[in-house]
Amino acid sequence: MSGMRKGGIAIYNWLERRLGLGQPARAAAVHEVPSSTSSWWYVFGSAATVILGLQVVTGILLALVYTPSASHAWSSLQFLDNNIQLGWFLRALHGWGSDFMIAIVVIHMAQVFLFGAYKFPRELTWIVGVFLLLLTLGMAFTGQVLRFDQDSYWGLGIGASILSRVPIIGGSLVDLMLGGPIIAGPTLTRFFALHVFIVPGILLVLVGLHLWMVLRLGINEWPMPGRIVSRATYAQEYSTLTKETGIPFVPDAAWKDAIFAAAIMLAVIACALFFGPFGPTGQPDPTIIQTAPKPDFAFLWIFAVLAYLPPNLETPVLFIAPIVIIGTMLLLPLVAGEGEKHWSRRPVAVLMIAIIAVTLGVLTRLGMYTPWSPIMDAWTSDPIPTAYLHDRTPLEREGAIVFQNKQCRDCHSIGGEGGLRGPALDSIATRMTEDQIIRQVLQGGGNMPAYGNSLSPSETTALVRFLTTLRGNDLAPAIDASRHMALSGKLPSTMPNGR
Amino acid sequence: MTPSEPTPQSDSASQGRQAIPQEPASARSARQSRRAFLFKLSLLANGAVGAVLAVPIIGYLLGPALKKSSRYDSWIALGPIGDFPENETRLVNFRNPITTSWDGQTGDIPCWVRRVSGNTFQVFAINCAHLGCPVRWFAQSKLFLCPCHGGAYYADGSRASGPPERGLFEYDHKIIANTLMIRVGEMPTLAQHACAEPPLRRLDGSTNLVSIEKPKPGGVSCQG
């Protein structure tokens, strides 16, 4: 036993004499950190690094089988899922790892922001971190493209359409992105190169820099209200703090990182096991148009923003907003490099985090059920509630058939079934008079197309008669006050109850 | 190198280095300046080599963007006009004229063919003018609807509602010997067709009011 041990030490010494890496690595591991940083709040960065390792390993393993060819990528994913031993599990790990990585990176960013960690002297660490966030999102987008299915195909179409809006050079940018005139083989190979070589290469180099700066400058101490960061005194204060309360990073602080990383890995494994891999959805065949493309989870909020921007603002916002957002993040430490670190003394920072979190949350939720999208088959599949057909005249029932046939339900719900693009029509007659309904149907307006060209006069009459019967829980119908006045010849002041 | 753990080799090496007789300072600096010059020269040489190498690399990278988009386009046959009943809009697939042999299904592109009457046709791209998603034709309500963000277009392709800022993209078409031909090749985007669609809503769609009212270039006329 002791002989084996001696042999091991001898081998280590032989290597160490030539490599000389063990000593600095040990020094880095046991370097002193302020004891306040041994906290469960300081575990997200290391967890993100561990997941990055998982992504590298699972990515390489998937590359053993995946075929980056437009004609075969989709079937090679099917092959991975169904024919390769545990191929589905590797795909699931890589997919869930990606979602977890984005989540952890975002949480890490919010935490260091709230703890003022971007202030002097760690400005560059933050700036590199911003690029790491962008690269992580870049990995997510290019990874979604490699899952070459319907969503991926039309996602590329969305990307190309956004790029095409760039003034002057838009067309050239689209050609560069697609690698040819259409979304096809050359498009997939260039996204393969981006996802497998270019983006991860830059990502790993920047992670190295990021970690190097954390070691060199020391981990951000736990902020205290009133402890002001100033360029003149900070280095001295930090070294005093470390001297007074210092503990070796390994093992005194690192065990929390290790436990959290293990928990996160277990969570990724559990999700992969229970929920399985993402897609692939339908084949990347553009002639199959019965599809409702949607981006992956991390980009749903952008999908929602694109639905709500007014047409004439869309192009400017698409290009100005990212510059402003990314520019603000990059400039933040240079503008606010000194001062208070503690969140209780930075109400604007806390408010910003809250607003951003709520905004992203709401937009993502909207992106999950896309209320702006017509439900393309609602008119064939959802029945009109029988209550809405009771005690109706033949003309009104005819109107219900027109309502169904003219595909109104793709955008309007009735009885809780149908699209959400337009308002629900269960009580439309309490909000609009017959004349207003006729005008709205024939001429459109707001977000509604005009149907004057696709409805015959008799169809219009029947449809509007049906709609005027929809008064919710037997509420009073909308009336035209001026008509009443015209008929009765009385002034409004003499009318009781406005009727 | 680990300063805290000196090894016998490194000790002897440093002793050996010290054993070399020191040159006079003036001679060393003279040689240094010559070496420094040669080093700068080598940097210059490598910079030149790098620049020479960069030209083909950048040319290779920018290749797809430098190609004129008109060179992608060519006329292809969609089929005899008898295949398209009047007053109907049908989905037709074609093989893109430019493909690679590994494009697979992605080389098959659909389009909407509307035969207004006689020899009057309209051929619409499948891609929504908003963000390129596939629009679907609803014959009863006479609308094209987009599943992504709810863009809607009338039968003649003009914008009806939703986020698109213009009508559907149209392919050039002509009829030769009773065959409908269209000019295709590149995925239609706002970059090539910033604003071809007229601002007028043509409700009947058969008459071309636009030929009288020239469509104005620029963003303003794109608004529906």
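Me: Which residue is the bridge partner of B:Ala77 in strand 10 of chain B?

Reply: Strands of a sheet pair through backbone hydrogen bonds, either parallel or antiparallel. Here the partner of B:Ala77 is B:Met181. Strands (E, at least two residues) and helices (H or I, at least four) are DSSP runs numbered from the N terminus, and two strands pair if DSSP finds at least two bridges between them. Strand 1 of chain B and strand 10 (residues 179–184) of chain B run antiparallel and are joined by six bridges. This is a predicted model, in which local features need pLDDT of at least 70 and side-chain atom pairs count only at pLDDT 80 or more, while totals for chains, interfaces and linings use all residues. Residues are numbered from 1 along each chain as its sequence is written, with chains lettered from A and ligands numbered from 1 in the order in which they are written.

Me: In what order do the strands of that sheet stand?

Reply: The order is 1-10-9 in chain B, an open sheet of three strands with antiparallel pairing. Strand 1 (74–80) and strand 9 (172–176) of chain B are at the edges with a single partner strand each, so one side of each has no neighbour in the sheet. On average, neighbouring strands of this sheet are turned by 30° against each other, direction ignored; the axes behind such angles are lines fitted to C-alpha atoms, for helices over the stretch in contact, and angles run from 0 to 180 degrees between N-to-C directions.

Me: How is the packing of two helices described, and at what angle do helix 5 and helix 11 of chain A cross?

Reply: Two packed helices are described by the angle between their axes and the distance between the axes. Helix 5 (residues 87–114) and helix 11 (residues 249–275) of chain A cross at roughly 135°, their axes coming within 8 Å. That makes helix 5 of chain A oblique to helix 11 of chain A; angles under 35 degrees count as roughly parallel, over 145 as roughly antiparallel, 65 to 115 as roughly perpendicular and the rest as oblique. Among the residues that meet are A:Trp96 and A:Phe100 in helix 5 of chain A, and A:Ile264 and A:Val268 in helix 11 of chain A; contact requires C-beta atoms, placed from the backbone, to lie within 7 Å.

Me: What angle do helix 12 and helix 14 of chain A make?

Reply: Helix 12 of chain A and helix 14 (residues 347–369) of chain A pack at about 80°, with axes 7 Å apart. They are therefore roughly perpendicular to each other. The contact includes A:Trp301 and A:Phe303 of helix 12 of chain A, and A:Leu360 and A:Met368 of helix 14 of chain A.

Me: How many residues of chain A are in contact with chain B?

Reply: In chain A, 61 residues are in contact with 57 residues of chain B. Helix 7 of chain A supplies the largest share of the side of chain A that touches chain B, seven residues.

How values were computed
Two residues are in contact if their C-beta atoms, placed from the backbone, lie within 7 Å.
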